[in-house]
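Hello,

Here is the structure I promised to pass on to you. Please open it first, and then read my notes below alongside it.

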Amino acid sequence: VQLQASGGGLVQAGGSLRLACAVSGRTSSMLVMGWFRQAPGKEREFVAYITWSGSSSYFAPSVMGRFTASSDNARNTVYLQMNKLKPEDTAVYYCGAAPHIATSIGNYNYWGQGTLVTVSS
């Protein structure tokens with residue numbers, strides 16, 4: 001099983017980025033894909049999750065209304081569309097896979113390597 005996150009980069013405040021998380025070796029236990037982020041000196045925090053069916057998603061209050069998530073079953077890839085980015089969104093973004101809906105890190109069994117998002121003011 002491998003999760004590959006991509007799409008990070010440098011963007012000005014107010015801009016947009018789309019992150020992707022490609023999954024290889026996807027198993028039946030990976031029902032939910034989550035996005036987390038870790039800013040320098042801070043703990044990793046929940047950002048969003050989406051089910052592969054797309055029927056359920058949830059976003060942290062800090063990103064609600066600015067970020068959206070989508071899934072592409074044919075490509076085994078999930079996306080995090082980030083709009084109206086703020087400097088406080090600067091972090092390494094990780095994707096993870098869990099067997100059920102969850103917002104806590106401990107429920108995610110598989111992780112990607114992370115992709116850096118830097119938002120300049």
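**Ser 57 and its surroundings**

Leaving out its neighbours within four places in sequence, Ser 57 is in contact with Tyr 49 and Ile 50, where contact means heavy atoms within 4.5 Å. Before going further, a word on the source: this is a predicted model, in which local features need pLDDT of at least 70 and side-chain atom pairs count only at pLDDT 80 or more, while totals for chains, interfaces and linings use all residues. Residues are numbered from 1 along each chain as its sequence is written, and side-chain values use heavy atoms, with hydrogens and water left out.

Ser 57 itself is found in strand β6. Strands (E, at least two residues) and helices (H or I, at least four) are DSSP runs, numbered from the N terminus. Ser 57 counts as partly exposed because its relative accessibility is 39%; buried means under 20% relative accessible area, exposed over 50%, and partly exposed in between, with a 1.4 Å probe and protein chains only. Between the C-alpha atoms of Ser 57 and Lys 84, 27 residues apart along the chain, there is a separation of 19 Å.

**Arg 66**

Do have a look at Arg 66, in the loop between β6 (57-59) and β7 (67-72). Is Arg 66 buried or exposed? With a relative accessibility of 9%, Arg 66 counts as buried. Not counting residues up to four places away in sequence, Arg 66 touches Gln 81, Met 82, Asn 83, Lys 84, Leu 85, Lys 86 and Asp 89.

**The disulfide**

The count comes to one disulfide, taken as a pair of cysteine sulfur atoms within 2.5 Å. This disulfide joins Cys 21 to Cys 95, with 2.1 Å from S to S. Cys 21 lies in strand β3 (residues 17-24) and Cys 95 in strand β9 (residues 91-98), so the pair ties together parts that are 74 residues apart in sequence. The link of Cys 21 and Cys 95 is right-handed, with 65° about the S-S bond. Cys 21 is buried, at a relative accessible area of 0%, and Cys 95 also counts as buried, at 0% relative accessibility.

**Aromatic rings**

How many aromatic pairs are there? The count comes to seven. Rings of Phe, Tyr and Trp (its six-membered ring) pair if their centres lie within 6.5 Å; planes under 30 degrees apart count as stacked, over 60 as edge-to-face and the rest as tilted. The pair of Phe 36 and Tyr 108 is edge-to-face, because the ring centres are 5.0 Å apart and the planes are at 75°. Phe 36 lies in strand β4 (residues 32-38) and Tyr 108 in the loop between β9 and β10 (110-111), so this pair ties together parts that are 72 residues apart in sequence. Phe 36 is buried, with a relative accessible area of 0%, and Tyr 108 is buried, with 4%.

Tyr 108 also pairs with Trp 111: their ring centres are 5.9 Å apart and their planes at 45°, so that pair is tilted. Trp 111 counts as partly exposed, at 27% relative accessibility. One aromatic cluster is formed by Phe 36, Phe 46, Tyr 49, Tyr 58, Tyr 108 and Trp 111.

Enjoy exploring the model!
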